[in-house]
Amino acid sequence: MTQPAAQLSPTAQEAIVEALTQGLSETAVTTMLAQNFHWNVTGMAFGPLHAMFQDIYEDHFTAQDDLAERIKALDGHALGKLSEMLKRSKVDEHDGHGDDKTMVAAMQKAQETLAATLAEAGQLAADHGDTLTEDLCIARGQTHEKFAWFLRSHLR
Ligand SMILES: [Fe+2]
C-alpha cells in the first residue's frame, strides 16, 4: 500500500533515509569528479568531453538538492559533510591526472555505481510503500544509466 512520508514508521523512514544518504553522498562525490574531469581532461576530444562533464556536474548538482530535500521530507538529516560523504560513497575520488580514456572509464564506473545505488534505494522505498521516494530514485537511476551509455559509447 502506498504510504506518504508522514505515515511511514520511524524504522521505515530511517532505512529509506540511510539509502538516500548513500545516493546523496555518491552524487556529491561524482559532482566533484565530473568537475575535476571538466577542468583536467585533455586530447583531441577535449571540447565535447569538457562539455559532457559539465552536463554531468550540472545535473548532479541539482540532484543533490532533490535527494537531500527528500531526506528532509522523510524527517531525516541531510548530510552535508564532505568527509562523511566520502566515507559512505562507493564512488572514489580521482587525482585528476590521466588520459581522456581513463577519465571516461572512471566516470562510466561512477554512473553505473550510482544507478545501482539508486535502484536499490528505490526498491527499498517500494518495499515500504514509499512510492514518492521510489519515483525519485527511478528517475535518478535512469539518468545515471543514460550517462553511463554516453560514456561507454566513447570507449567502443
Ligand atoms: Fe567550466
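Biologist: Before we start, how are the residues numbered, and what pLDDT do local features need?

Modeller: Residues are counted from 1 along each chain as its sequence is written. The model is predicted, so local features need pLDDT of at least 70 and side-chain atom pairs count only at pLDDT 80 or more, while totals for chains, interfaces and linings use all residues.

Biologist: How many helices and strands does the protein chain have?

Modeller: There are 5 helices and 0 strands. Helices (H or I, at least four residues) and strands (E, at least two) are DSSP runs, numbered from the N terminus. Along the sequence the pattern reads α-α-α-α-α.

Biologist: What is the radius of gyration of the protein chain?

Modeller: The radius of gyration is 16 Å, close to the 15 Å that the globule rule gives for 156 residues, so the chain is as compact as a globular protein of that length. The radius is taken over C-alpha atoms, and the globule rule is 2.2 Å times the number of residues to the power 0.38. Taken along the principal axes, the C-alpha atoms fill a box of roughly 55 × 30 × 20 Å.

Biologist: And what percentage of the residues is buried?

Modeller: Buried residues make up 36% of the 156 residues. A residue is buried if 20 or more other C-beta atoms lie within 10 Å of its own, exposed if 12 or fewer, and partly exposed in between, with C-beta atoms placed from the backbone.

Biologist: What share of the contacts comes from residues 24 or more positions apart?

Modeller: Among contacts with a separation of 6 or more, such residues account for 78%. Two residues are in contact if their C-beta atoms, placed from the backbone, lie within 7 Å.

Biologist: Let us turn to packing. How do α1 and α4 cross?

Modeller: The axes of α1 (residues 10-40) and α4 (residues 100-127) come within 9 Å and cross at roughly 165°. That makes α1 roughly antiparallel to α4. Axes are lines fitted to C-alpha atoms, for helices over the stretch in contact, and angles run from 0 to 180 degrees between N-to-C directions. Angles under 35 degrees count as roughly parallel, over 145 as roughly antiparallel, 65 to 115 as roughly perpendicular and the rest as oblique.

Biologist: Is that crossing left-handed or right-handed?

Modeller: The crossing of α1 and α4 is left-handed. A crossing is left-handed if the near helix is turned anticlockwise from the far one by less than a right angle, and right-handed if clockwise.

Biologist: Which residues make the contact?

Modeller: On α1 they include Ala15, Ala19, Gly23, Thr30 and Phe37, and on α4 they include Met103, Met107, Leu114, Ala121 and Leu124. By class, this contact has 15 nonpolar, 6 polar and 2 charged residues. Ala, Val, Leu, Ile, Met, Phe, Trp, Tyr, Cys and Pro count as nonpolar, Asp, Glu, Lys and Arg as charged, and the others, Gly among them, as polar.

Biologist: What about α2 and α5, how do those axes cross?

Modeller: The axes of α2 (residues 46-73) and α5 come within 12 Å and cross at roughly 165°. That makes α2 roughly antiparallel to α5, and α2 passes α5 in a left-handed crossing. Met52, Ile56, Asp59, Ala63, Asp66 and Arg70 in α2 meet Thr133, Leu136, Arg140, Thr143, Phe147 and Phe150 in α5. The classes are 6 nonpolar, 2 polar and 4 charged residues.

Biologist: And α4 with α5?

Modeller: The axes of α4 and α5 come within 8 Å and cross at roughly 160°. That makes α4 roughly antiparallel to α5. The crossing is left-handed, and the contact has 14 nonpolar, 8 polar and 5 charged residues.

Biologist: You mentioned Phe150. Where is it found?

Modeller: Phenylalanine 150 is found in α5 (residues 131-154). With 15 C-beta neighbours inside 10 Å, phenylalanine 150 counts as partly exposed. Its C-alpha atom is separated by 9.5 Å from that of valine 104, 46 residues apart along the chain.

Biologist: Which residue has a positive phi although it is not a glycine?

Modeller: Aspartate 75, with a phi of about 70°. Aspartate 75 is found in the loop between α2 and α3 (82-88), and is partly exposed, with 13 C-beta neighbours inside 10 Å.

Biologist: Last one: is serine 9 buried or exposed?

Modeller: Serine 9 is exposed, with 10 other C-beta atoms within 10 Å. Serine 9 lies in the segment before α1.
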